[in-house]
Each structure stands twice: as structure tokens, then as C-alpha cells.
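Please keep the picture in view while you read.

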Amino acid sequence: MLFSNDSIPVTILSGSLGAGKTTTLNHILSNEQDLNAAVVVNDMGEVNVDTDFIEHESELTQNDEEIIELSNGCICCRLRGDMLEKVGRLAEQRDFEYLLVESSGISEPIPVAQTFTRGFEDAEFDPTGVYALDTMVSVVDAHSFWQGFDSGQALTDDSIDPQGNRVPEEALMDQIEFCDVLLLNKCDLVPEKELEEMEIVLKALQPRAKIVRTEHGAVDPKNILNTGRFDFDEASQSAGWLRELQHGHHHDEDGEGHGHHHEGTAAEHGVTSFVFRADRPFHPERIARLFTDIPDEIVRAKGFFWSAGREDVAMGLDKAGQSVRAGPKGGWIATLSKADRERYFEARPGIKEDWDEQWGDRGIQLVFIGREFDQEPLVERLNDCLLTDAEMDEDWNEYPDPFSPDEQRELALADN
Ligand SMILES: Nc1nc2c(ncn2[C@@H]2O[C@H](COP(=O)(O)OP(=O)(O)OP(=O)(O)O)[C@@H](O)[C@H]2O)c(=O)[nH]1
């Protein structure tokens with residue numbers, strides 16, 4: 001039965017395994033008696049613990065929430081179509097006012113959000129106009145926050161990731177970097193000083209999100225329902241590393257011989273971030289070795305680099321916790337055709353500033369975000385990975401190249 005033509009607001013909860021998503025959802029459902037919500041719960045496991053839990057909550061059954069369970073797959077990939085089909089059917093009945101989605105611990109938030117904002121090619125149901133994504137919430141487990149960046153899980157562990165290409169810390173980083181509200185849950189288990197430090201790290205990783213501390217998921221519904229905070233473009237541009245790269249893009253040269261320099265933001269409670277820039281390439285072997293041995297205190301590193309001998313591609317670095325990926329990521333403007341290059345420049349005035357006569361835009365921009373780490377030794381090591389003046393004259397194609405030829409891949413970790 002249709003009782004409104006307005007679109008139905010949607011709140012999506014992400015967060016790693018056991019962070020407190022279900023607890024938060026239950027808190028909302030049992031405390032908001034007037035909330036007429038439908039719920040989608042995605043569980044990766046064979047046994048859908050969450051659905052059982054929610055269904056057996058007596059208050060909830062009294063509330064008559066519609067609960068849809070999607071298991072044995074992830075709503076960010078395999079089950080995208082299934083989810084749309086189910087929420088499409090729900091929308092036909094239209095006897096609820098709000099949709100709550102609990103994604104699985106390893107879901108990537110961007111495709112889940114896109115499923116609601118753009119639909120999905122294989123699905124008949126078009127959610128645009130029917131549903132309106134209102135808030136992306138990420139629940140972060142304060143108690144295991146640091147371990148969250150140090151899962152030590154092998155990439156090929158099928159029980160973690162059926163596609164074999166993601167690790168929990170990458171999922172955690174995605175969830176932190178793409179959200180509107182961060183719930184720092186399990187605050188009862190962590191001393192105040194540590195909470196403050198986590199908040200600062202979270203702010204560095206994701207400056208746009210509202211951070212709310214919770215215990216047992218007890219969040220004021222105002223913080224996650226009908227907030228109107230979601231904005232796809234803003235959310236995609238809000239990661240701390242990206243802001244760090246954009247901020248200071250036109251910083252002056254520091255006058256050092258190789259033209260490389262770095263800037264850092266002021267350390268607050270030991271949390272620092274800095275950008276390493278250079279306009280000459282890294283030696284592939286030296287930098288690969290360094291990437292597998294970045295200090296544990298660096299929770300996030302991301303950016304692009306020029307690896308000698310790979311003048312045709314911009315290489316990407318993506319470190320989330322212990323997981324480090326590197327390899328070909330994109331192209332240089334310098335490798336575009338002349339016409340395309342001119343078009344690119346026209347669309348982005350100012351970009352030409354860093355243009356080099358010989359090498360164009362080839363260069364290095366890497367952001368490092370970490371806590372309690374000493375920046376200078378790392379900068380020194382990065383500098384040592386740049387080609388020396390003598391090496392600049394060598395044949396770079398002679399260098400052994402440990403990176404994958406065609407994609408960013410996990411680098412084998414050094415023994416540490
Ligand atoms: N001490 C404490 N325990 C909590 C808190 N929040 C949740 N828990 C407990 O942590 C466990 C996991 O909570 P869930 O809500 O099931 O976590 P989840 O994110 O839904 O987990 P998955 O769906 O398995 O990914 C449960 O035993 C909760 O009771 C909290 O703030 N403090």
C-alpha cells in the first residue's frame with residue numbers, strides 16, 4: 001500500500017566483524033518505537049547469526065520490522081542484484097518509512113552506496129527516486145582498533161575473502177574513509193586517553209565524518225537517521241590522504257638538490273601525516289624493499305610514484321595497516337596524445353605548474369599517516385630510494401623490477 005510518494009531514506013551500517021553493527025541496529029530498533037523500519041542484514045557466514053539475533057529480540061518482533069537476510073555472499077559484489085531485487089519488492093508494499101542496511105564486515109562501502117544511488121546494471125529494480133541514501137555509518141571497534149590495522153591475514157584466505165583479493169584492514173580503511181558518521185563503539189573497554197588518540201587518527205584518516213563515541217551501540221538516533229549527511233561526491237573526496245595530497249599541491253620547492261621535499265601536518269597526540277614528493281623516479285628494487293618494510297606505526301600510506309623503467313605508467317601505493325599493495329595504477333598526463341593533453345590542461349588550469357620539460361608530470365606524491373613515528377628517518381629512507389644523479393644517466397630498463405606488470409598487487413611482507 002502506498003502512503004507516500006517521497007523517497008525512503010536509507011542508512012547503511014558498515015564496520016568490521018564484531019564491531020557492534022548488530023548491537024547498534026538493535027539499539028535503534030528497540031528504542032525508536034515509532035520508527036517503522038525495514039532491515040537488510042548481510043552476513044558472509046554460513047550461519048546467519050545476526051538475523052537470528054535480531055529476530056529473537058522480543059521487542060523487535062513486536063515492532064514488526066521487515067527483516068531481509070542476505071547471506072553467503074557480500075552485498076558489495078555478488079549479492080548486489082539480490083539486494084536490489086529484495087528492496088525493490090519491499091518498496092512495492094511501501095509499508096515502512098526507513099530502510100536500515102547492515103553490511104557484512106568485509107563489504108566495500110562505495111559499491112553498496114552506489115547500489116542505492118545509481119542502481120545496478122543486472123537488476124530490474126531501479127532504486128533512484130524510490131530510495132534516498134541518507135547516511136553512511138561506519139562502526140569502529142575501539143577495543144580492537146589497533147589490531148584492526150594488523151590482521152596478519154593472508155590475502156588468499158578464502159574464509160576471509162571469497163574473491164581472494166581483500167584483507168580485513170583494507171575493508172576497515174574503506175569503511176573509515178568513505179562514510180558520513182563514524183561510531184567509535186566499545187568505548188567502555190578503552191581508557192579515555194586512548195580514545196582521544198583514536199579520534200585523532202580517525203580524524204586524520206577521515207576529516208569530514210562526524211565521530212560519535214558509543215557504548216553497546218547506544219547511539220542517539222539523530223546521529224544516524226535522517227541526518228541528510230550523505231553526498232556521494234563529497235564522501236568520495238573526503239579521505240584524509242586525498243585531502244593531504246590536494247592540500248599543499250602548490251607548495252614551494254624546498255631547494256634541495258633533487259627537487260624532492262615533504263611537508264607534514266603538526267603532530268597532535270603523536271599523530272602525524274606528511275606528503276613525500278619528488279620529481280625523479282624511485283629505483284624499483286629499493287622502493288619495493290622499503291614498501292614491504294614501512295614502520296607499523298604508519299597506519300595509512302597512499303599515493304602514486306614513478307618507478308624507473310616504467311615511464312608509461314603511474315604506479316600506485318596503497319597501504320592499510322599491514323597490507324601493502326603497489327603496482328601500475330594509472331597513466332601520466334605526459335603519455336596522453338597531444339590533443340588529449342591540451343584538453344586535460346584546459347579542464348584543469350594550474351596543473352601545468354609542476355610540468356617538467358623532459359618528464360612532464362611524472363613524479364612522486366605519497367601520503368603517510370601514522371602515530372608515534374619518527375618522520376625524518378622514513379624521509380631519509382625514501383630519499384635513498386630515489387635514483388642518484390649517476391643513476392639518472394643509466395639505462396633504467398636494466399633494473400630488476402619486482403612490481404606486477406599490470407596491476408597493484410600485495411607485496412610480500414618483509415620478515416618483521
Ligand atoms: N563491551 C562491549 N561489548 C560490545 C559493545 N558493542 C557490542 N559488544 C559486543 O560485541 C559483540 C559483537 O557485537 P555485534 O553487534 O554482534 O557486532 P557486529 O558488528 O554486528 O558483528 P558481525 O555482524 O559479526 O560482523 C557482541 O558480543 C556484543 O555484545 C560495546 O560497546 N562494549
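Predicted model: local features only at pLDDT ≥ 70, side-chain atom pairs only at ≥ 80, totals over all residues.

Residues are numbered from 1 along each chain as its sequence is written.

**The whole chain**

The protein chain has 13 helices and 14 strands. Here helices (H or I, at least four residues) and strands (E, at least two) are DSSP runs, numbered from the N terminus. Of its 416 residues, 42% count as buried. A residue is buried if 20 or more other C-beta atoms lie within 10 Å of its own, exposed if 12 or fewer, and partly exposed in between, with C-beta atoms placed from the backbone. Among contacts with a separation of 6 or more, 78% link residues 24 or more positions apart; a contact means that two C-beta atoms, placed from the backbone, lie within 7 Å.

**A parallel sheet and a helix across it**

Seven strands form an open sheet with parallel pairing, in the order β3-β2-β4-β1-β5-β6-β7. Two strands pair if DSSP finds at least two bridges between them. At the edges, β3 (66-71) and β7 (210-213) each pair on one side only. From one strand to the next, the twist averages 20 degrees. Helix α6 (residues 168-177) lies across β1 (8-15), β5 and β6, and runs at about 125 degrees to β5. Such angles run from 0 to 180 degrees between N-to-C directions, and axes are lines fitted to C-alpha atoms, for helices over the stretch in contact.

**Strand pairs to look for**

| Strand pair | Bridges | Direction |
|---|---|---|
| β5 (residues 131-141) and β6 (residues 181-185) | five | parallel |
| β10 (residues 298-305) and β11 | six | antiparallel |
| β11 and β12 (residues 323-330) | seven | antiparallel |

Strand β11 (residues 314-320) is largely enclosed by the rest of the structure, because five of its seven residues are buried. Met315 in β11 is the bridge partner of Phe305, while Ala314 has Gly330 in β12 as its partner. The hairpin of β11 and β12 has two residues between the strands, and Gly321 there takes a positive phi near 60 degrees.

**Two helices side by side**

Helix α10 (residues 284-291) packs against helix α12 (residues 375-385) at an angle of about 155 degrees, with the axes 8 Å apart. That makes α10 roughly antiparallel to α12, a label for angles over 145 degrees. Arg286, Ile287 and Leu290 of α10 meet Arg381, Leu382, Asp384 and Cys385 of α12.

**Two loop residues**

Lys186, in the loop between β6 and α7 (192-205), has a positive phi near 65 degrees although it is not glycine. With 23 C-beta neighbours inside 10 Å, Lys186 counts as buried. His216 lies in the loop between β7 and α8 (232-236), and its phi is also positive, near 50 degrees. His216 has 14 C-beta neighbours inside 10 Å and counts as partly exposed.

**Around the ligand**

Which residues come nearest to the ligand? Of the 17 around it, they are Gly20, Lys21, Thr22, Thr23 and Lys186; a residue is near if its C-beta atom, placed from the backbone, lies within 6 Å. Helix α1 (residues 21-31) gives the largest share of this shell, three residues.

Note on methods:
Parallel < 35°, antiparallel > 145°, perpendicular 65-115°, else oblique.
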